[in-house]
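Have the structure open and follow along.

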Amino acid sequence: MTLFFWLAAATLISEDLACIAAGVLVAQGQISFLPATLACFAGISLGDLLLYAAGRFLGRPALKRAPLKWFVQESDLERSSAWFSRQGSKVLFASRFLPGSRLPSYVAAGLLGSRFKTFAIIIVAAGAAWTPLLVALSATLGGEVVRSAMLQGQHLVVRLGLAALLVYGVARFAVRLSSFEGRRMLVSRWRRTVGWEFWSSWLLYVPVAFYLAYLALKHRSLTLFTAANPAMPAGGVIGESKSAILQGLSQAGRFVARFVTLEPAAALPQRLLAVQAFMKDNRLSFPVVLKPDVGQRGLGVAIVRSQEQVKDYLEHSSGRTILQEYVPGAEFGVFYVRYPDQPKGRIFSITEKRFPSVAGDGHSSLRQLILRDKRAVCAARTYLERHANRLWEVPKAGEMIPLVELGTHCRGALFLDGGWVWTETLEKAIDEISRHYKGFYFGRYDIRVPSLADFQQGRAFKIVELNGVTSEATHIYDPANSLLQAYRVLLTQWQMAFEIGHQNRQHGCRPVPLRELIRLVLAFQQQAHTSSSSQPALLPRLSPDPATTAGSRLPTRS
């Protein structure tokens with residue numbers, strides 16, 4: 001009886017772990033299967049009813065008080081209640097087999113006024129199916145671990161702990177396999193593991209680090225690459241001002257997307273007036289782009305479509321912000337290189353940036369469309385988080401839903417080798433723009449292209465950003481490229497950075513000392529950590545507008 005009550009109480013802390021512990025105790029002969037299962041079932045049922053009661057009696061009153069009443073309207077609750085009355089039974093039963101979804105589902109059932117009798121019947125039926133299954137699985141697998149010859153010399157507590165871990169892992173994996181979403185998320189994880197384009201930067205750059213050490217020894221300087229671009233602080237390694245770089249390109253005139261900087265010291269009303277004045281003076285309408293003046297990898301970049309969204313963004317921004325015109329169309333990354341002792345530079349790499357989308361079929365939700373798509377499933381976690389407020393929408397048949405609007409790989413964009421875009425005329429235009437920026441020799445332009453034909457002729461394109469020495473020739477992330485090809489490009493890129501830095505050093509440019517470079521990196525990381533606590537949370541609420549990306553489709557490569 002003591003074990004019975006302890007197991008029942010343990011379910012109030014963790015239902016699954018309590019069931020696993022019950023199964024291991026059954027395997028040890030400490031308690032028989034039936035009372036162990038009944039104890040877990042009783043505790044689980046009691047806990048589920050308490051969650052329902054919390055939603056029913058505490059949730060509604062709390063929503064009528066500040067601050068919750070500011071975010072949740074009565075009309076929202078009515079719509080949710082109507083939806084839950086139609087789909088709630090499925091959700092409640094399925095949540096029993098999906099750890100992590102039970103608490104919000106059961107509280108929501110009470111909050112939205114679901115009938116108690118219906119709720120009780122569903123959770124009893126689901127618990128009656130789940131509890132004996134998990135206890136029996138734990139008893140079988142746990143018993144095998146406890147009796148394993150390899151663990152006979154270990155203390156009983158160690159064997160019980162290993163048995164619990166094994167069963168927990170098997171149970172979690174089995175739960176994943178039991179649902180469509182779980183299986184597709186496993187596929188997503190597998191493809192991100194075997195697909196090197198999704199590896200984290202620190203893992204991808206391990207071999208490159210050894211080559212950098214060789215180059216540093218060869219040129220007798222650990223930081224020689226910081227002299228590659230004397231026009232940028234530390235050559236554009238990290239923490240450089242985007243607005244200062246765009247200002248350095250001012251002689252490019254019409255080729256640079258119009259922008260203005262908003263200082264954080266100014267009060268919010270002043271910044272809002274500055275936004276209105278900039279848009280009026282340049283005859284711009286929404287959407288426009290807001291982004292931090294110092295940032296990397298698309299962090300904090302947002303396409304805003306109303307004055308309310310501008311206000312929301314600026315309220316959360318903590319540093320200098322750039323307001324920039326939105327340029328519709330396709331996006332390319334153009335990597336430019338010029339040695340100081342050469343009169344002309346060249347395009348080293350062109351990246352074609354695609355914005356993935358899914359097509360509606362009239363009966364699948366956006367969540368299902370994302371998980372079912374061969375490419376989108378690879379970045380499913382990113383897309384599901386970004387579109388969290390519309391995942392249950394069912395797009396019409398043939399309706400295209402853009403999943404991303406920003407040309408950043410880590411945010412879900414698809415990068416392809418854009419070498420097919422290259423023309424001698426385009427290279428000449430890029431070289432002319434670059435040579436007017438005194439002190440710039442090495443980096444990647446992010447360019448928006450309203451007209452592909454004009455872009456190839458060097459007539460019509462807009463530079464939205466220029467990145468310095470640590471920018472990549474991002475065409476390497478084309479899924480058609482092998483890891484070996486990517487490393488060949490990266491090593492060549494860094495070799496050129498050191499060689500250009502060496503020539504600039506001969507002309508009197510001093511590399512940034514290692515201590516100063518470390519200070520810059522630490523300062524940027526601290527700033528990024530501060531910004532991540534506010535700015536990214538805003539971005540998913542800025543819903544995409546399919547009309548703005550309709551012109552971004554490119555012809556098939558020949």
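Let's start with a strand pair: β1 and β4 (residues 321-325) run antiparallel and are joined over four bridges. Here strands count as paired if DSSP finds at least two bridges between them, and both helices (H or I, at least four residues) and strands (E, at least two) are DSSP runs, numbered from the N terminus. Within this pair, V260 has L323 of β4 as its bridge partner.

Before going on, a word on what you're looking at. This is a predicted model, in which local features need pLDDT of at least 70 and side-chain atom pairs count only at pLDDT 80 or more, while totals for chains, interfaces and linings use all residues. Residues are numbered from 1 along each chain as its sequence is written, and side-chain values use heavy atoms, with hydrogens and water left out.

**The four-stranded sheet**

β1 and β4 belong to an open sheet of four strands, ordered β1-β4-β2-β3 with antiparallel pairing. The edges are taken by β1 (259-262) and β3 (302-304); each has a single partner strand, so one side of each has no neighbour in the sheet. On average, neighbouring strands here are turned by 25° against each other, direction ignored. The axes behind such angles are lines fitted to C-alpha atoms, for helices over the stretch in contact, and angles run from 0 to 180 degrees between N-to-C directions.

V288 has E325 in β4 as its bridge partner. How much of β4 is buried? Five of its five residues are, which leaves the strand mostly covered. Buried means under 20% relative accessible area, exposed over 50%, and partly exposed in between (1.4 Å probe, protein chains only). The cover reaches both faces of β4, with T321, L323 and E325 buried on one side and I322 and Q324 buried on the other.

**The five-stranded sheet**

The other sheet to look at is open too, with five strands in the order β9-β6-β5-β10-β11 and antiparallel pairing. β9 (414-417) and β11 (462-467) are its edge strands; each has a single partner, so one side of each is left without a neighbour in the sheet. Neighbouring strands of this sheet are turned by 25° against each other on average, direction ignored.

β10 is worth a stop. Eight of the eight residues of this strand are buried, so β10 is largely enclosed by the rest of the structure. F442, R444, D446 and R448 point one way, and G443, Y445, I447 and V449 point the other way, all of them buried. β10 is flanked by β5 and β11 in the strand order, and some bridge partners from those pairings are listed here.

| Residue | Bridge partner |
|---|---|
| Y336 | G443 in β10 |
| Y445 | L466 in β11 |
| R444 | N467 in β11 |

The β5 and β10 pairing is antiparallel over eight bridges, and strand β10 (residues 442-449) pairs with β11 in the antiparallel sense over five bridges. Helix α19 (residues 483-506) lies across β5 (330-337), β6 (346-354) and β10, running at about 135° to β6.

**A buried serine in a loop**

Now find S365, in the loop between β7 (357-359) and α15 (366-372). Is S365 buried or exposed? At 6% relative accessibility, S365 counts as buried. Leaving aside neighbours within four places in sequence, S365 is in contact (heavy atoms within 4.5 Å) with L391, W392, E393, V394 and P395.

W202, L203, V206 and F210 make a nonpolar surface patch of about 480 Å². α10 (201-204) and α11 (206-219) are the elements giving two or more residues to this patch. L203, in helix α10, is partly exposed at a relative accessible area of 37%. Patch residues have over 30% relative accessible area and no salt bridge; like charges are joined within 9 Å, and nonpolar side chains (Val, Leu, Ile, Met, Phe, Trp, Tyr) within 5 Å. A salt bridge is a side-chain nitrogen of Lys or Arg within 4 Å of a carboxyl oxygen of Asp or Glu. Accessible areas come from the Shrake-Rupley method with a 1.4 Å probe, and for residues only the protein chains shown count as cover.

**The whole chain**

Zooming out, the protein chain has 21 helices and 11 strands. Of its 558 residues, 48% are buried.
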